[in-house]
Amino acid sequence: MTFRTVDYTIGSKRILPEFNNYRIIHLSDLHGALYGRDNEDLVRRIRQTDPHMVVMTGDMADTSLHAIQRFENLCCQLCDDYPVYYVEGNHEQEMKEKIRNKFLKTIREMGVITLKNQQQKIFSRGAFIKIYGLVTPMVYYKDLLKEYQRGITFSSQDTEELLGKADDSCYKILLAHNPLYYPSYRDWGADLTLSGHIHGGIIRIPKLGGLLSPDLTFFPKYDGGHFKEQGKHLIVSRGLGNHFLMRILNPPELVSITLRSVPCKES
């Protein structure tokens with residue numbers, strides 16, 4: 001199995017000059033996949049981009065055989081070189097509590113900063129931005145194969161209840177596994193949201209996009225790529241692994257993001 005690297009540039013007046021050309025690697029939905037022995041191909045590609053930090057937006061491990069161990073090995077390698085930030089996806093939340101707690105404890109001891117409805121300051125040359133990690137309750141994952149509350153939605157007020165008020169004094173990056181509720185993240189105040197979950201729609205249809213989301217919705221809006229709404233940005237990784245069905249015209253991807261302190265044409 002091979003993957004591609006996808007590069008995005010995000011420009012904003014709100015990004016301070018100290019963060020100009022700041023590079024972020026975004027990993028999502030690995031699901032225990034391997035790229036070379038101990039993920040050496042993936043780690044090599046990450047190092048080639050020379051990022052300032054690595055972020056992970058969930059479903060990096062699941063309950064499949066060896067998935068947790070493989071992900072822990074990846075974390076061990078990355079934490080030697082970079083600050084690593086992580087939020088849980090639905091598959092981590094579905095683990096048995098004892099297994100999940102042990103797994104989270106292990107990666108924290110390696111140096112991974114887990115953000116469960118928390119925030120951290122990211123510093124560069126004396127200036128800072130803030131990174132927030134949102135973990136929504138499982139009821140907000142609309143899995144038609146399981147029970148869920150029909151008609152439920154997740155508002156910006158719900159985001160605020162979990163994260164607190166957005167700090168308008170600085171640029172804010174939000175890690176949120178599920179992009180379905182992006183308008184609520186945007187309206188809460190996230191300047192840049194990073195998500196996964198949709199796996200690019202599994203099957204990509206030219207000119208139409210991804211076919212299917214995990215909740216079995218056809219042609220999900222936020223299937224993968226870069227979305228711009230009301231001056232805010234969303235990047236949805238198409239993911240590195242797979243959990244159901246087979247990818248067609250939809251290769252796994254490693255996402256690289258460069259921040260620019262001057263507005264780009266697309267800002």
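Trainee: What should I know about the model before I start?

Mentor: The model is predicted, so local features need pLDDT of at least 70 and side-chain atom pairs count only at pLDDT 80 or more, while totals for chains, interfaces and linings use all residues. Residues are numbered from 1 along each chain as its sequence is written, and side-chain values use heavy atoms, with hydrogens and water left out.

Trainee: How do I read a sheet, and in which order do the strands of the sheet with S1 run?

Mentor: Helices (H or I, at least four residues) and strands (E, at least two) are DSSP runs, numbered from the N terminus. Two strands pair if DSSP finds at least two bridges between them. Here, six strands give an open sheet with mixed pairing, ordered S1-S14-S2-S3-S4-S5. Its edge strands, S1 (4–11) and S5 (113–114), each pair on one side only.

Trainee: How many bridges join S2 to S3?

Mentor: Four bridges do, and strand S2 (residues 22–27) runs parallel to strand S3 (residues 53–56). Look for Ile24, whose bridge partner in S3 is Met53. Helix H2 (residues 67–79) packs on this sheet, touching S2, S3 and strand S4 (84–86), and its direction makes about 160° with that of S3. Contact means heavy atoms within 4.5 Å; axes are lines fitted to C-alpha atoms, for helices over the stretch in contact, and angles run from 0 to 180 degrees between N-to-C directions.

Trainee: Which residue forms a salt bridge with Arg23?

Mentor: In general, a salt bridge is a side-chain nitrogen of Lys or Arg within 4 Å of a carboxyl oxygen of Asp or Glu. The structure holds 15 of these salt bridges. In one of them Asp50 meets Arg23, with the closest N and O atoms 3.5 Å apart. This pair links distant parts of the chain: Asp50 sits in the loop between helix H1 (40–49) and S3, Arg23 in strand S2, 27 residues apart.

Trainee: What is the strand order in the sheet that holds S12 and S13?

Mentor: The order is S6-S7-S8-S9-S13-S12, an open sheet of six strands with mixed pairing. Strand S6 (118–124) and S12 are its edges, each pairing on one side only. On average, neighbouring strands are turned by 20° against each other, direction ignored. Helix H5 (residues 156–163) packs on this sheet, touching S6, strand S7 (127–134) and strand S8 (172–176), at about 110° to the direction of S7.

Trainee: How do S12 and S13 pair, parallel or antiparallel?

Mentor: Strands S12 (residues 225–229) and S13 (residues 232–236) are antiparallel over five bridges. Phe227 stands opposite Leu234, and Lys228 opposite His233. The two strands form a hairpin with two residues between them, and Gln230 in the turn has a positive phi of about 55°.

Trainee: What volume does the largest cavity have?

Mentor: On a 1 Å grid over the protein atoms alone, a cavity is a set of points where a 1.4 Å probe fits but cannot get out; lining residues have an atom within 4 Å of a point. Grid points are joined across faces, edges and corners, and a volume is the space filled by probe spheres set on the points. Here the largest cavity has a volume of about 40 Å³. Its lining includes Glu88, Tyr141 and His177.

Conventions
1 Å grid on protein atoms, 1.4 Å probe; cavity = no way out; pocket = protein on both sides within 12 Å on 5 of 7 lines; lining within 4 Å.
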